Amino acid sequence: MKKTLFATAAVVALSSGAALAGEGPYASFGAGYNQPEDESIPVTGATLSPEREVHYDSGFGVMGALGYDFGNSLRSEIELAHRDNDVSAIQTTANGAGDIAVTSLLANLIWEVDVESPVTPFLGVGVGGAHVDANYLATGATRAINVGDEDWALAYQGIVGLAWKVAENLAVDLSYRYFATDEVSFATAVPGGTLDQEYTAHGAFVGLRWAFGAPAPVVEPAAPVQQFSAPEPVETAEDLDLTVYFDFNKSNLTDAAEALIASAAETALENDIDRVVVEGHTDTSGSSAYNQVLSQRRAEAVRQGLIANGIPASAIEVTSFGENQPATATADGVREPLNRRAEVTIRFE
């Protein structure tokens, strides 16, 4: 059942959509709370009590990773982690003692959900290997057990988390992790034989992720002045061209944009309008899929502004180009004010 749920989570994560930009390598480290699930463990060679119920105290986990952000919603990484917990009881005996330590090396694939927020949700899956070191000791005629052994097993995990970008190349990650291994086998000195168990644990971790391949922070120039070219005199009925600029990651009209649209509409209505073309654009910060949607919202905002100022809706054509037709060419991930725009052309009969 656990493997089925894990496989389902993997399919969901691998088949999902857009993510935050920031292409390049990164390093991360974190620590947090780890709680293994209690286990009812069969013991071969036991003549009196064939199973031992092992209960664990909460403990800690630490991890570090090196990865690469593809800038298209996906990150991949190699994660080294260590989890350590004491035993609180074996079966119902109060004198059960010991500990279990797990060191794992996993390859993770992580999908970030691109949202208009400083906090970014993410999902992930990982698979690799784990070294499990168990020490169990309990006494009693029917419950005696003495284990001090280690084994290797296949390991996997599911990840759900939130990332908070605190600087251009630094994020704080908060994550829940379900971690599990296939069956491991330990030799028992008492009662003699082997103990077979699977290890499963739930963890809550906080960490820092540094994108050392990210571009240096960009100091934005002052917002460009809203502009349009009005023909002089109006009687010539030449085309009207205007450019409406937007704030970063926004599609609402600023006060300056509303004034510009109102002025252009007033001039246009003095002539016979043939066609109005509105084209939405973005800069290269963010994924291309997200920017395509953002450019559409910007074009639609200008369309609504023109309609509100008397331009017939039937005369307006709207299209969007995302980040594909920048006014100023930039590298990927650059916040360029001149590219956050909608271009409008009003043609007359």
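**View 1. Strand E12 and the largest cavity.** Strand E12 gives the most to the lining of the largest cavity, with five residues. What you're looking at is a predicted model, where local features need pLDDT of at least 70, side-chain atom pairs count only at pLDDT 80 or more, and totals for chains, interfaces and linings use all residues. Residues are numbered from 1 along each chain as its sequence is written, and side-chain values use heavy atoms, with hydrogens and water left out. Helices (H or I, at least four residues) and strands (E, at least two) are DSSP runs, numbered from the N terminus.

A cavity here is a set of points, on a 1 Å grid over the protein atoms alone, where a 1.4 Å probe fits but cannot get out, and its lining residues have an atom within 4 Å of a point. Grid points are joined across faces, edges and corners, and a volume is the space filled by probe spheres set on the points. By this rule there is one cavity of 30 Å³ or more, and the volume of the largest cavity is about 170 Å³. Its lining has 21 residues, with Ser 28, Met 63, Glu 77, Asp 173 and Arg 177 nearest the centre. Strands E1 (24–36), E4 (59–69), E5 (74–90), E9 (170–181) and E12 (200–210) each give two or more residues to that lining.

How many lining residues fall into each class? There are 10 nonpolar, five polar and six charged ones. For this count, Ala, Val, Leu, Ile, Met, Phe, Trp, Tyr, Cys and Pro are nonpolar, Asp, Glu, Lys and Arg are charged, and the others, Gly among them, are polar.

**View 2. A salt bridge between Glu 77 and Arg 75.** Glu 77 pairs up with Arg 75 in a salt bridge, the closest N and O atoms being 3.7 Å apart. The term means a side-chain nitrogen of Lys or Arg within 4 Å of a carboxyl oxygen of Asp or Glu. Both Glu 77 and Arg 75 are buried, that is, under 20% relative accessible area, while exposed is over 50% and partly exposed is in between (1.4 Å probe, protein chains only). Salt bridges that share partners tie Arg 75, Glu 77, Glu 112, Asp 173 and Arg 209 into one network. The structure holds 10 salt bridges.

**View 3. Arg 275 reaches Glu 317.** These two side chains meet in a salt bridge at 3.4 Å, N to O. The pair links distant parts of the chain, with Arg 275 in strand E15 and Glu 317 in strand E16, 42 residues apart. Arg 275 is partly exposed at a relative accessible area of 30%, and Glu 317 is partly exposed too, at 40%.

**View 4. Helix H3 and what covers it.** Helix H3 (residues 288–308) has 21 residues and spans 30 Å from its first C-alpha to its last, close to the 30 Å expected at 1.5 Å a residue. That expected span is 1.5 Å times one less than the number of residues. The buried residues of H3 include Tyr 290, Leu 294, Arg 298, Val 302 and Leu 306. What covers the buried residues of H3? Strand E14 (240–245), helix H2 (255–268), strand E15 (273–280), strand E16 (316–320) and strand E17 (341–348) are among the covering elements.

Just after H3, Gly 310 takes a positive phi of about 100 degrees.

**View 5. Ala 342 in strand E17.** Ala 342 lies in strand E17 and is buried, with a relative accessible area of 0%. Leaving aside neighbours within four places in sequence, Ala 342 is in contact with Leu 242, Thr 243, Val 244, Phe 246, Glu 279, Gly 280 and Val 302. Contact means heavy atoms within 4.5 Å.

**View 6. Thr 181 in strand E9.** Thr 181 sits in strand E9 and is buried, at 1% relative accessible area. Its contacts, leaving aside neighbours within four places in sequence, include Ala 130, Leu 154 and Tyr 199. Thr 181 and Trp 152 are 29 residues apart in sequence and 9.1 Å apart in space, C-alpha to C-alpha.

Note on methods: 1 Å grid on protein atoms, 1.4 Å probe; cavity = no way out; pocket = protein on both sides within 12 Å on 5 of 7 lines; lining within 4 Å.
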